[in-house]
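Colleague: I would like to learn how to read a model like this one. Can we go through it feature by feature?

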Amino acid sequence: SLDMILKKLFEENGNDPEELNNFADLMKKNGELSAKIGFDIIANMHNILAKALLLIKTRELMPGKQIIEAMRACLIVIVVVVRGKEIDITSYLNRAEEFGREIESIKVKGLY
């Protein structure tokens, strides 16, 4: 369902702040749980998604094609790792981590 939100953000360039907040909270919780059990890559991808959703909600980040594709790269990494697929995800992982570094310095209004 998060992929549907990304599609909606890109195609309609609109967002429902409550929906973005709910998904950001879910991603944050999943990231914390993943970190507790030692899945650092999955935790990192969830944390990147959580922050990106909050940045989009506060309009600090505009959901253009590159942003949406970077967020999808995070989702792809999560799915492939969780399902244990034998697929080369290097390009997705690199793109997701690069995106994480890009948004790292952006402060989320009201949280920092």
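Colleague: Which side chain does Arg 95 meet in a salt bridge with an N to O distance of 3.6 Å?

Modeller: Start with the general idea. Side chains of opposite charge can pair when their charged atoms come close. The rule here is a side-chain nitrogen of Lys or Arg within 4 Å of a carboxyl oxygen of Asp or Glu. In this structure, Arg 95 meets Glu 98 at 3.6 Å, N to O. First, two notes on the source. This is a predicted model, where local features need pLDDT of at least 70, side-chain atom pairs count only at pLDDT 80 or more, and totals for chains, interfaces and linings use all residues. Residues are numbered from 1 along each chain as its sequence is written, and side-chain values use heavy atoms, with hydrogens and water left out.

Colleague: How are Arg 95 and Glu 98 placed along helix α5?

Modeller: They sit three residues apart in α5, so about one helical turn separates them. Helices here are DSSP runs (H or I, at least four residues; strands are E, at least two), numbered from the N terminus.

Colleague: What else does Arg 95 meet in a salt bridge?

Modeller: Glu 102, at 3.7 Å, N to O. Glu 102 is partly exposed, at 40% relative accessibility. Shared partners join Arg 95, Glu 98 and Glu 102 into one network.

Colleague: How many salt bridges are there by this rule?

Modeller: Four. One of them pairs Glu 32 with Lys 28, at 3.1 Å, N to O. These two are four residues apart in helix α2 (residues 17-36), so about one helical turn lies between them. Glu 32 has a relative accessible area of 40% and is partly exposed. Lys 28 is partly exposed too, at 45%.

Colleague: Now helix packing. How do α4 and α5 pack?

Modeller: Two packed helices are described by the angle between their axes and the distance between the axes. Axes are lines fitted to C-alpha atoms, for helices over the stretch in contact, and angles run from 0 to 180 degrees between N-to-C directions. Here α4 (residues 65-83) and α5 (residues 90-104) pack at about 120 degrees, with axes 8 Å apart. The pair is therefore oblique. Under 35 degrees counts as roughly parallel, over 145 as roughly antiparallel, 65 to 115 as roughly perpendicular, and the rest as oblique. The contact (heavy atoms within 4.5 Å) includes Ala 70 and Met 71 of α4 and Leu 93, Arg 95 and Phe 99 of α5.

Colleague: What classes of residue make the contact of α4 with α5?

Modeller: Eleven nonpolar, one polar and one charged. Ala, Val, Leu, Ile, Met, Phe, Trp, Tyr, Cys and Pro count as nonpolar; Asp, Glu, Lys and Arg as charged; the others, Gly among them, as polar.

Colleague: At what angle do α3 and α4 cross?

Modeller: Roughly 150 degrees, with the axes of α3 (residues 40-57) and α4 coming within 9 Å. That makes α3 roughly antiparallel to α4. Their contact divides into 16 nonpolar, one polar and no charged residues.

Colleague: Where is Arg 59 found?

Modeller: In the loop between α3 and α4. Arg 59 has a positive phi of about 65 degrees, although it is not a glycine. At 48% relative accessibility, Arg 59 is partly exposed.

Key. Buried < 20%, exposed > 50% of the residue type's maximum accessible area, 1.4 Å probe, protein only.
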